[in-house]
Amino acid sequence: MTKDEAKQKLIDAGLVLEANGLADFTRGHVSVRVPGEPNLFYMKPHSFGFDEMTMDNIVTCNIEGEKIAGGGPRHSEVYIHSEIFRVRPDVNSVIHAHPTHAVAVSATDRPLRMLSQPSAAFADGIGVYRDTIDLIRSKEMGAGVARALGSHKAAFLKNHGVATTGGTIEECVILTIMLENAAQIQILAESTGSVGDEFPRADVMKLNDKIGRPEQHKINFDYLVRKARRQLRA
């Protein structure tokens, strides 16, 4: 993937996140490592919505969280991204968003339960960052989020939002959407006051393998990009 292709993929990711209700004014952000330069990453600019990224306003940051290029301002919560990239070489994309149902589940202090197919994508667990509800505006706080994330795909920032990761930007976007879907289903199921038994761990892990394959992330991401672009033209 070229650098321009990575930027275009970031723009497409923003369109998908916006179209799927994961925006919170201009507050969410998404990043992807610069191809061939793992200590640099492209990131959505501050003061712009997910759907307003352009080749010119995308920000380039280094692993210290410093802006080194790009026409837009840098997000103050850049350290969520830089500190995860610092300790997770397997991660190439990070999303921080404030999905309604995921925040609600985080506020309950209950774990994400295996109550749906989307939840099976997180069968290895969800990290939980509990230090503060405040914005993550320092390296120390970002490092705390990275520690809470651990080796997981995602972490709840309690009463605040989520941090989701992926080996590709496609995986990161799809997992963010699936996490919100899983949280919504859990809230609806638990609101009935009676939830049946979860399926056996082996059955859940079998589904986890099937829906977690890279080709599945790409197929679903490409579909959502096409759908988002159709909506923009309508």
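**Close-up 1. F25, an exposed loop residue with positive phi**. In this predicted model, F25 has a relative accessibility of 67% and counts as exposed, because the cut-off for that class is over 50%. F25 belongs to the loop that joins α1 (3–19) and β1 (29–34). Its phi is near 55°, a positive value in a residue other than glycine. Most residues other than glycine have a negative phi.

**Close-up 2. N159, a partly exposed loop residue with positive phi**. The loop here runs between β7 (154–157) and β8 (161–166), and N159 sits in it. Phi of N159 is near 60°, again positive and again not in a glycine. Relative accessibility is 32% for N159. N159 is therefore partly exposed, as the value falls between the 20% and 50% limits. N159 is also one of the residues in contact with S106, the subject of the next views.

**Close-up 3. S106, a buried residue in helix α3**. Helix α3 spans residues 100–108 and includes S106. The relative accessible area of S106 is 3%. S106 is therefore buried, since that class means under 20%. Within the chain, a polar atom of the S106 side chain lies 2.7 Å from the backbone oxygen of V103.

**Close-up 4. Contacts of S106 beyond its sequence neighbours**. Neighbours within four places in sequence are left aside here. S106 is then in contact with F156, L157, K158, N159 and H160. Among them, N159 lies in the loop between β7 and β8.

Conventions: Residues are numbered from 1 along each chain as its sequence is written. This is a predicted model: local features need pLDDT of at least 70, side-chain atom pairs count only at pLDDT 80 or more; totals for chains, interfaces and linings use all residues. Side-chain values use heavy atoms; hydrogens and water are left out. Helices (H or I, at least four residues) and strands (E, at least two) are DSSP runs, numbered from the N terminus. Buried means under 20% relative accessible area, exposed over 50%, partly exposed in between (1.4 Å probe, protein chains only). A polar contact is a pair of N or O atoms within 3.5 Å; within protein, one must be able to donate a hydrogen and the other to accept it, and residues adjacent in sequence count only if both atoms are side-chain atoms. Contact means heavy atoms within 4.5 Å.
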